[in-house]
Amino acid sequence: MTTASLPIGLPRTHTPPARRVGCASGTIPAPQPAGHACAMGNEPADELEALVRPLWLRAQAGDESAYRKALSAIAGRLRSYLRRRMQGTPDDVEDLVQETLFALHLQRGTYDPGLPVSAWALAIARHKLADHWRRRGRREDLHQALDDTPESLIASTPASDGGTGDIDRLLDALPEAQRAAILLTKLEGLSVSEAAARARVSESALKVQVHRGLKRLASLLRS
Amino acid sequence: MKTEALIDFLARGAGPAPRAVAARRLLPAAAAGAAVSVLLVMVLMGPVPAPLFATPAPWIKLSYAALLALATGWMAARLGRPVSRLGAPVLATLVIAVAMAALGLVAWLATPAQARPAAVLGHSWFACPWNVLGLSLPALVAALWALRGLAPTRPRRAGLAAGLFAGALGAAGYALGCREESTVFIALWYSLGIAMSGLLGALIAPHALRW
């Protein structure tokens, strides 16, 4: 019942900010993102958007420190979004935050500058959440009652503890070329051209190996 | 692993975001799918006789298929990107489909009553949609593969768009081997074949488009 959206019985004074009206964030998401008409893109720009958008646009152009800040801010929003929807399995929240961050990174080319960054990120989070439920076969979680705390009160939750995945360990499971590409660029911090020279491959081949390796890491993290 | 450590790991050396990701995946998929379907037509049916190209029929088929491939490819590209707007490509697709239907209707009205059954059914009305569907399969596989590498968060619609896109490419291939000359025939049976491919795409998308 996706129509049972607003927290009924909530005192009027606790009504979430006006931007939530009509597109309730408390909506229980359908297993497939069928609630598209209520996508976050319909929301007016909020504070997070105002903070993240300039950072994100700089990050898309290659600014690494802006990218780090943008991802941190988005992670806080993802955490509260997912925590609200995964009350039956709070231990999985951070894993799913990390899975979504992986997906945001791997798919950052699909961001369209004409659209809100937060809407784009939350659409991917919603997709990952539906996928998580499908894999776990926990469809009943869709029907769990939600805590009626307004989302604004729990926005941007700091990470209490980490996820259960361990990149250093998972790296060993990658094919040699992908592992080497990730070690050189991500852990040794070489530039693409330096890493390509070291691995004796072209720069584009190295980038492909990094991308494939990250993709493989993300799927290992999931299983 | 701490999430901050993961963010650090992802951001380090990330460089600029890749550009034109949808085009870079969909265009090779379209080229491969169309090439395979043309090859199949040439091997299995043989090309239409050259004089037929002096009549409008093959050109109507090819322009219909090409325009539809452009509009639905645009739609598929949009559906590979979360929360992107669909209005323009959906409108373009509808305009092309309605224009073809109108062209078919005008041709039907212009046909003398006793010639109408032949214009509607041709000699291959039953085979045509199935052939279009069959020839669209390589492009459908390729288009779904392309979308999987993007971020389709609306899998049904993405599958429908991929299916229509593949159907249009399959129809373009079929046009090179199909000897039907009636515009009414094209408006009916080509469109049905393309729609069947779209339906197939929508049906298998929830499984095929997991990422």
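In what order do the elements of chain A run from the N terminus on? Select chain A and follow the chain: the elements run α-α-α-α-α-α-α-α, and the secondary structure comes to 8 helices and 0 strands, where helices (H or I, at least four residues) and strands (E, at least two) are DSSP runs numbered from the N terminus. This is a predicted model, in which local features need pLDDT of at least 70 and side-chain atom pairs count only at pLDDT 80 or more, while totals for chains, interfaces and linings use all residues. Residues are numbered from 1 along each chain as its sequence is written, chains are lettered from A and ligands numbered from 1 in the order in which they are written, and side-chain values use heavy atoms, with hydrogens and water left out.

Stay with chain A and colour by accessibility: of its 223 residues, 46% count as buried, a label given under 20% relative accessible area, with exposed over 50% and partly exposed in between (1.4 Å probe, protein chains only). Among the contacts in chain A with a separation of 6 or more, 70% are accounted for by residues 24 or more positions apart, a contact being heavy atoms within 4.5 Å.

Next, select Trp56(A), Leu101(A), Phe102(A), Leu217(A) and Phe9(B), the residues with the most contacts inside the largest nonpolar core, which has 61 residues; such a core is a set of buried Ala, Val, Leu, Ile, Met, Phe, Trp, Tyr and Cys residues joined through side-chain atoms within 4.5 Å. Centre on Phe9(B), which, leaving aside neighbours within four places in sequence, is in contact with residues including Phe102(A), Ile182(A), Leu214(A) and Leu217(A). A second, separate core of 49 residues includes Val41(B), Tyr64(B), Ile186(B) and Ile194(B).

Now show helix H3 (residues 57–79) and helix H8 (residues 183–208) of chain B, whose axes come within 11 Å and cross at roughly 35°; the axes are lines fitted to C-alpha atoms, for helices over the stretch in contact, and angles run from 0 to 180 degrees between N-to-C directions. On H3(B), the contact is made by Ala57(B), Ile60(B), Lys61(B), Tyr64(B) and Leu68(B), and on H8(B) by Thr183(B), Ile186(B), Tyr190(B), Ser191(B) and Ile194(B).

Ser191(B), in helix H8 of chain B, is partly exposed, with a relative accessible area of 21%, and touches Tyr64(B) and Ile186(B), not counting residues up to four places away in sequence. Ser197(B), also found in helix H8 of chain B, counts as buried at 0% relative accessibility; leaving aside its neighbours within four places in sequence, Ser197(B) is in contact with Leu133(B), Ser136(B), Gly163(B), Ala166(B) and Gly167(B).

For the cysteines, select Cys128(B) and Cys178(B). The sulfur of Cys128(B) is 5.7 Å from the closest cysteine sulfur, in Cys178(B), and is therefore too far for a bond, a disulfide being a pair of cysteine sulfur atoms within 2.5 Å. Cys128(B) counts as buried at 0% relative accessibility, and Cys178(B) counts as buried at 2%. A search of the whole structure finds 0 disulfides over all chains.

End at two loops of chain B. Ala20(B), between helix H1 (3–11) and helix H2 (21–44), has a phi near 50°, a positive value in a residue other than glycine, and counts as partly exposed at 47% relative accessibility. Val83(B), between H3 and helix H4 (87–110), has a phi near 55°, again positive in a residue other than glycine, but counts as buried at 12% relative accessibility.
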